[in-house]
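Keep the structure open while you read.

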Amino acid sequence: MKNDRATAKVVELTSLLETCNVMEITAASWSPYYNKGDMLFIHRDGVLKRRDHVALTTRSGRQVLGIYVERLRKQLVIQSFDRPGGTESFEDSDLASISKIVAAIHH
(Lines give C-alpha, C1' and ligand atoms only; values in the text may rest on other atoms or scores of the structure.)
Protein backbone atom coordinates (compact mmCIF):
# COMPACT_ATOMS: atom_id res chain seq x y z
CA MET A 1 0.00 0.00 0.00
CA LYS A 2 1.41 3.36 -1.02
CA ASN A 3 1.54 6.06 1.65
CA ASP A 4 1.51 9.47 -0.07
CA ARG A 5 2.08 11.33 3.20
CA ALA A 6 5.22 9.33 4.00
CA THR A 7 6.49 9.81 0.43
CA ALA A 8 5.96 13.57 0.73
CA LYS A 9 7.90 13.64 4.03
CA VAL A 10 10.82 11.74 2.48
CA VAL A 11 10.92 14.15 -0.46
CA GLU A 12 10.79 17.12 1.96
CA LEU A 13 13.62 15.69 4.09
CA THR A 14 15.72 14.89 1.02
CA SER A 15 15.42 18.48 -0.26
CA LEU A 16 16.29 19.84 3.19
CA LEU A 17 19.39 17.64 3.51
CA GLU A 18 20.60 18.81 0.08
CA THR A 19 20.86 22.36 1.48
CA CYS A 20 22.73 21.32 4.64
CA ASN A 21 26.39 21.34 5.51
CA VAL A 22 27.80 18.14 6.99
CA MET A 23 29.89 18.17 10.15
CA GLU A 24 31.80 15.12 11.39
CA ILE A 25 32.26 14.72 15.13
CA THR A 26 35.98 14.23 15.72
CA ALA A 27 36.09 14.20 19.54
CA ALA A 28 34.24 12.56 22.40
CA SER A 29 33.43 15.83 24.19
CA TRP A 30 29.75 15.86 23.12
CA SER A 31 28.92 12.37 24.33
CA PRO A 32 26.33 10.96 25.00
CA TYR A 33 24.47 13.10 22.45
CA TYR A 34 27.02 12.72 19.66
CA ASN A 35 30.06 10.46 19.46
CA LYS A 36 33.29 10.44 17.46
CA GLY A 37 32.50 9.53 13.85
CA ASP A 38 28.89 10.75 13.88
CA MET A 39 27.85 12.93 10.93
CA LEU A 40 25.61 15.93 11.60
CA PHE A 41 23.53 17.68 8.96
CA ILE A 42 23.38 21.34 9.91
CA HIS A 43 21.18 24.01 8.36
CA ARG A 44 22.07 27.70 8.76
CA ASP A 45 18.71 29.01 7.63
CA GLY A 46 16.65 26.80 9.94
CA VAL A 47 14.29 28.62 12.28
CA LEU A 48 15.33 27.85 15.84
CA LYS A 49 12.74 26.63 18.32
CA ARG A 50 13.15 25.80 22.00
CA ARG A 51 14.87 22.40 22.49
CA ASP A 52 16.38 22.27 18.97
CA HIS A 53 19.90 20.88 18.80
CA VAL A 54 22.29 23.54 17.49
CA ALA A 55 25.89 23.88 16.36
CA LEU A 56 27.54 27.23 16.77
CA THR A 57 30.95 28.66 16.08
CA THR A 58 32.32 31.67 17.90
CA ARG A 59 34.46 34.31 16.23
CA SER A 60 37.45 32.89 18.13
CA GLY A 61 36.84 29.49 16.44
CA ARG A 62 35.30 27.57 19.35
CA GLN A 63 32.69 25.04 18.25
CA VAL A 64 29.82 24.41 20.62
CA LEU A 65 26.96 21.92 20.38
CA GLY A 66 23.91 22.21 22.56
CA ILE A 67 20.20 22.67 22.95
CA TYR A 68 18.62 26.01 22.07
CA VAL A 69 17.06 27.60 25.17
CA GLU A 70 16.19 31.18 24.19
CA ARG A 71 17.27 34.45 22.65
CA LEU A 72 17.57 37.41 25.01
CA ARG A 73 18.04 40.80 23.36
CA LYS A 74 21.42 40.34 21.70
CA GLN A 75 22.33 37.03 23.34
CA LEU A 76 21.76 33.40 22.49
CA VAL A 77 21.34 30.99 25.41
CA ILE A 78 21.99 27.26 24.99
CA GLN A 79 22.33 24.24 27.22
CA SER A 80 25.85 23.28 26.18
CA PHE A 81 26.76 19.63 25.69
CA ASP A 82 30.22 20.63 26.98
CA ARG A 83 28.70 21.50 30.36
CA PRO A 84 25.94 19.02 31.19
CA GLY A 85 23.16 20.65 33.18
CA GLY A 86 24.49 24.16 32.62
CA THR A 87 23.69 26.93 30.20
CA GLU A 88 25.96 29.26 28.27
CA SER A 89 25.15 32.67 26.82
CA PHE A 90 26.76 34.06 23.69
CA GLU A 91 26.65 37.66 22.52
CA ASP A 92 25.45 37.94 18.92
CA SER A 93 28.61 39.89 18.11
CA ASP A 94 30.74 36.92 19.30
CA LEU A 95 29.04 34.37 17.00
CA ALA A 96 30.44 33.52 13.58
CA SER A 97 27.61 31.07 12.82
CA ILE A 98 24.64 29.30 14.35
CA SER A 99 23.03 26.29 12.66
CA LYS A 100 20.19 23.96 13.47
CA ILE A 101 21.12 20.25 13.56
CA VAL A 102 18.39 18.67 11.42
CA ALA A 103 19.69 15.10 11.20
CA ALA A 104 22.48 12.87 12.49
CA ILE A 105 23.99 9.63 11.30
CA HIS A 106 25.40 7.82 14.30
CA HIS A 107 28.61 5.86 13.77
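## The D92–R71 salt bridge

D92 and R71 meet through their side chains in a salt bridge, 2.6 Å from N to O. (A salt bridge here is a side-chain nitrogen of Lys or Arg within 4 Å of a carboxyl oxygen of Asp or Glu.) The pair links distant parts of the chain: D92 is in the loop between β6 and β7, R71 is in strand β4, and the two are 21 residues apart. D92 counts as partly exposed at 31% relative accessibility, and R71 is partly exposed too, with a relative accessible area of 40%. (Buried is under 20% relative accessible area, exposed is over 50%, and partly exposed is in between, with a 1.4 Å probe and protein chains only.)

A word on ground rules: this is a predicted model, so local features need pLDDT of at least 70, side-chain atom pairs count only at pLDDT 80 or more, and totals for chains, interfaces and linings use all residues. Residues are numbered from 1 along each chain as its sequence is written, and side-chain values use heavy atoms, with hydrogens and water left out.

## The other salt bridges

A search of the whole structure turns up four salt bridges. One of them joins the side chains of K100 and D52 at 3.4 Å, N to O. That pair also links distant parts of the chain, with K100 in strand β7 (residues 95-105) and D52 in the loop between β2 and β3, 48 residues apart. Buried or exposed: what are K100 and D52? K100 is buried at 16% relative accessible area, and D52 is buried at 13%.

D82 and R62 make another salt bridge with their side chains, again listed at 3.4 Å, N to O. D82 lies in the loop between β5 and β6 and R62 in the loop between β3 and β4, so the pair ties together parts that are 20 residues apart in sequence. D82 is partly exposed, at 31% relative accessible area, and R62 counts as partly exposed at 30%. Salt bridges that share partners join R62, D82 and E88 into one network.

## How the sheet is put together

Now for the strands. There's an open sheet of seven strands, with antiparallel pairing, in the order β1-β2-β7-β3-β4-β5-β6. (Strands are DSSP runs of E, at least two residues, and helices are runs of H or I, at least four, numbered from the N terminus; two strands pair if DSSP finds at least two bridges between them.) At the edges stand β1 (21-24) and β6 (87-91), each with a single partner strand, so one side of each has no neighbour in the sheet. From one strand to the next, the twist averages 45 degrees. (Axes are lines fitted to C-alpha atoms, for helices over the stretch in contact, and angles run from 0 to 180 degrees between N-to-C directions.)

Strand β3 (residues 53-58) and strand β4 (residues 63-72) pair in the antiparallel sense over five bridges, and the bridge partner of H53 in β4 is I67. These two strands form a hairpin with four residues between them, and G61 in the turn has a positive phi of about 100 degrees. Next, β4 pairs with strand β5 (residues 75-80), also antiparallel, over six bridges, with E70 opposite V77 in β5. That hairpin has two residues between its strands, and R73 in the turn has a positive phi of about 45 degrees. Finally, β5 and β6 pair in the antiparallel sense over five bridges, where Q79 has T87 of β6 as its bridge partner.

## Two buried residues

G66 is found in strand β4 and is buried, with a relative accessible area of 0%. What does G66 touch, not counting residues up to four places away in sequence? Its contacts are D52, H53, V54, I78, Q79, S80 and F81, where contact means heavy atoms within 4.5 Å.

H43 sits in strand β2 (residues 39-43) and is buried, with a relative accessible area of 12%. The H43 side chain makes a polar contact with the side chain of T19 at 3.1 Å. (A polar contact is a pair of N or O atoms within 3.5 Å; within protein, one must be able to donate a hydrogen and the other to accept it, and residues adjacent in sequence count only if both atoms are side-chain atoms.)

## Confidence

The mean pLDDT of the chain is 88, and 93% of its residues reach 70 or more.

Technical notes:
pLDDT is the predictor's confidence in each residue, from 0 to 100.
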